[in-house]
Amino acid sequence: MTGTETKQSLSYKDFRAEVLNDYKIAITSRECSLLGRREVLTGKAKFGIFGDGKEVPQLAMAKAFKNGDFRSGYYRDQTFMMAIGQLTLQQFFAGLYGHPDLEEEPMSGGRQMGGHFATHSLDEDGNWKNLTLQKNSSSDISPTAGQMPRLLGLAQASKIYRNVTGINNKTNFSINGNEIAWGTIGNASTSEGLFFETINAAGVLQVPMIISVWDDDYGISVHARHQTTKENISEILKGFQRENDTNGYEIITVKGWDYAELVSSYERAARIAREEHVPILMHIYQLTQPQGHSTSGSHERYKNSDRLSWESEYDCIAQMKKWMIENNIAIEEDLNAIDHQAKADVLDAKKAAWAAYVAPLKEEQAQLIAVLNNVAAQSPNKVFIEKNIAELTAIREPMRKDLLITARKTLRLIIKENAKSALSHWIKTYTEKIQPKYSSHLFSKSDKNIFSVAEQAADYGDVAEEADGRMIIRNNFDALFAKHPEMLIFGEDVGNIGDVNQGLEGMQEKYGENRVSDAGIREATILGQGIGMAMRGLRPIAEIQYLDYLLYALQIMSDDLATLHYRTAGRQKAPLIIRTRGHRLEGIWHSGSPMGMIVNAVRGIHVLVPRNMVKAAGFYNALMETDEPALVIECLNGYRLKEKMPVNLGEFKTPIGVVETVKEGKDITLVSYGSTLRVVEQATKELLEIGIDAEVIDIQSLLPFDVNSDIVKSVAKTNRLLVIDEDVPGGGSAYILQQIIDVQDAYKYLDSKPDTLSAKAHRPAYGTDGDYFSKPSAEDIFEKVYAIMHEAKPAEFPELY
Ligand SMILES: Cc1ncc(C[n+]2csc(CCOP(=O)(O)OP(=O)(O)O)c2C)c(N)n1
Ligand SMILES: [Mg+2]
């Protein structure tokens, strides 16, 4: 045998072993899907959605996926996760059962239903790991196409790392921007606007993104003819194909059951994306769904017998098997042996996952029964308690809910007995221990969380200079860009003209087009750019031009950004700053202040509402030191107002979650924020002229809200409370009142009805009078306060009208 022959036969041996190993992964994954479905149908798991029918292309994608790369995909990708070594069989079943411990269920600690995948970017203290040494998956979300905006940002990060000078080209996040962001999406989900918006944006930005469409002709029961023009996504996207002298995409189409073609296509795609930073669309068609969409239905209801028999013939694993045999890579018996082994492995893993899931529950059940037996022995209500014990004991595989129902109902039986304390103690300590499994990590617990940043006052030097508010913002951004090389800002009109209010004037010239850039009019993907880049260690500021247009991005803020840290139980973060400007100015779409909607949609993101530009700049300075996401709403009518220019630009910090008493007073507490605060201050001066001395508190930060409970201290002094806000009635003001009355218990100190003054229920009308008749005015505030004082002291303050 010659040397070359040896090499050839060795490499053939390697090739064969690799193919056999791929087959093994595919068939094992399939077995997981089959057994997983049975676990749901027999009641052990609540819901199952699996990757059967999509195995083979995922093997090919996994081969081209390198350390440092990122996936942003959806619930069909179990085979891929197994192939990159990030999902074991036992973890697969732990996910199906919802095991609430991260060690057992690393995707989300049981918070997400199975099929929602993630890797850990953070260690247990919330610090970044070296992401270039591992294969990464951003955490999946269920809304179809919701993975797309973030995918854009994950890909753009590579471009930034490759092209921005001043950032090390070798970091924990990137090696010279060589990383690819890999997306996956179902064919039907390409109907979503987010898909098209992302496709266009990635073509403009030319980022290393490979998006694979797993096309099985259906979205649940709805056929492609209702989803996609010409029933063919790559056909209709042909205009995106790059040409010699244009930007654009490489578009590659491959049959989903053609293993050899898939492997070479993914290799080619990866080479282009990695080297040239060109986005790629992989349309993987002729895929199937052997068990239908999910455990909630059967596909026989909507697929005819022709389709079903085609699906069984063109099942990607069946085709791979056929190809291996035809090409003498394996004989049927070899493959049957692999099938056999896979069945055994999956069964073992399932049993182990179930045992690990029920073991702590059974232990806790036994502990509670012991406590209850003790209580029963001492109780005149023994018979009733013993009945409860018997019922609980009879549950072979208890839920924590079963334990707490029994314990809490038993407590009611012994409410006046001494034995009560042992049981109430058990309930309290048990809840304290278990509740965090379901509720922890909505916010960062790391040493960079918002509470780690100390307040630093603005220093105005000896001769305070006055300047337009926009100059304060601009000069402060200048200082921040200089201080943080990984900071970048992008949005509509942000680059060339330096934002619509010139708060970034000259910044693009100074810091370059990669760091200060214009974006298309596409708020959801501007947000997604921010999420993805923040997940890869950059410090993006995503600018949404006006608060009124945040709605386009709100879904992705709510579903993706706000849940990210929580849904990974603290193992991924995106410290993204969202900058926008809002509250009152002119007309229906430039005067909205939908704060109730926002604060209720984005728990998990901080919402900051500075009343002027120094306060806003102080929030940016503070946020850049933290690792948490936040929305900062600047006052749209504040850019031309004069403010004193601090000298410690980039340094002074507005504390987050802390209110400021801007005027002390004794008669009533007025609580407000943002643009309205100036109106409140005006009204307060006028009230003082007639002898009403109001205390004025600027909330500054809606989420978190007054962490020191300073407002209730004020109410304890004044005994009266009015919340003034320019959202609709029952919007932001309802939230503020709930915090003060319910959380801070201010009702104890009130001598008058706690009141709110908000805008009208309709959108604000245009013009000066439109504003006057839509939003709270100084006169409205004056009269509302006066009415409260009149009710309290009619002799002193006779009726106005
Ligand atoms: C925004 C949104 N709408 C509806 C759903 C419910 N839903 C879940 S999967 C699905 C079909 C998706 O089909 P496709 O994208 O083709 O993926 P496949 O399941 O076929 O792989 C639908 C409608 C959802 N999760 N999100
Ligand atoms: Mg589909």
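1. The buried residues of helix α4 are L89, Q91, F92, F93, A94, G95, L96 and Y97. This note concerns a predicted model. Helix α4 spans residues 89-97, and because 8 of its 9 residues are buried, the helix is largely enclosed by the rest of the structure. After α4 comes G98, which has a positive phi, near 75°.

2. The packing of two further helices deserves attention. Helix α13, made up of residues 382-394, packs with helix α14, residues 400-413, at an angle of about 180°, and their axes are 10 Å apart. The two helices are therefore roughly antiparallel, since an angle over 145° is counted in that way. On the α13 side the contact is made by F384, I385, N388 and L392, and on the α14 side by D402, L403, T406, T410 and L413. Sorted by class, the residues of this contact between α13 and α14 are 5 nonpolar, 3 polar and 1 charged.

3. Aromatic rings form another theme. A search of the whole structure finds 26 aromatic pairs. One of them joins F240 and Y249 in an edge-to-face arrangement, with 5.8 Å from centre to centre and 85° between the planes. F240 has a relative accessibility of 27%, so this residue counts as partly exposed. Y249, by contrast, has a relative accessibility of 1% and therefore counts as buried.

4. The pair of W426 and Y430 is stacked, because the ring centres lie 4.4 Å apart and the planes meet at 15°, where an angle under 30° is required for stacking. Both residues belong to helix α15, which covers residues 420-439; they are 4 residues apart, so about one helical turn separates them. W426 and Y430 are both buried.

5. Aromatic residues also occur as a group: a single aromatic cluster is formed by F65, F80, W182 and Y266.

6. Two lysines are placed over tyrosine rings. K303 lies over the face of Y218, at a distance of 5.1 Å from the ring centre. K644 lies over the face of Y460, and here the distance from the ring centre is 4.5 Å.

7. Where is F443 found? F443 lies in the loop between α15 and β9, the latter being residues 465-468. If residues up to four places away in sequence are not counted, F443 touches H565, G604, I605, H606 and E628. F443 and G528 are 85 residues apart along the chain, and their C-alpha atoms are separated by 19 Å.

8. Is G186 buried or exposed? G186 has a relative accessible area of 7% and is therefore buried, the cut-off being under 20%. G186 is placed in strand β3, which comprises residues 181-186. Apart from neighbours within four places in sequence, G186 is in contact with Y74, V213 and W214. G186 and Q378 are 192 residues apart along the chain, with 61 Å between their C-alpha atoms.

Note on methods:
Residues numbered from 1 in each chain as written. Chains lettered and ligands numbered in written order. Predicted model: local features only at pLDDT ≥ 70, side-chain atom pairs only at ≥ 80, totals over all residues. Heavy atoms only, no water. Phe/Tyr/Trp six-rings, centres within 6.5 Å; stacked < 30°, edge-to-face > 60°. Buried < 20%, exposed > 50% of the residue type's maximum accessible area, 1.4 Å probe, protein only. Lys NZ or Arg CZ within 6 Å of the ring centre and 35° of its normal. Axes fitted to C-alpha atoms, helices over the stretch in contact; angles between N-to-C directions. Parallel < 35°, antiparallel > 145°, perpendicular 65-115°, else oblique. Contact = heavy atoms within 4.5 Å. Nonpolar A, V, L, I, M, F, W, Y, C, P; charged D, E, K, R; others polar.
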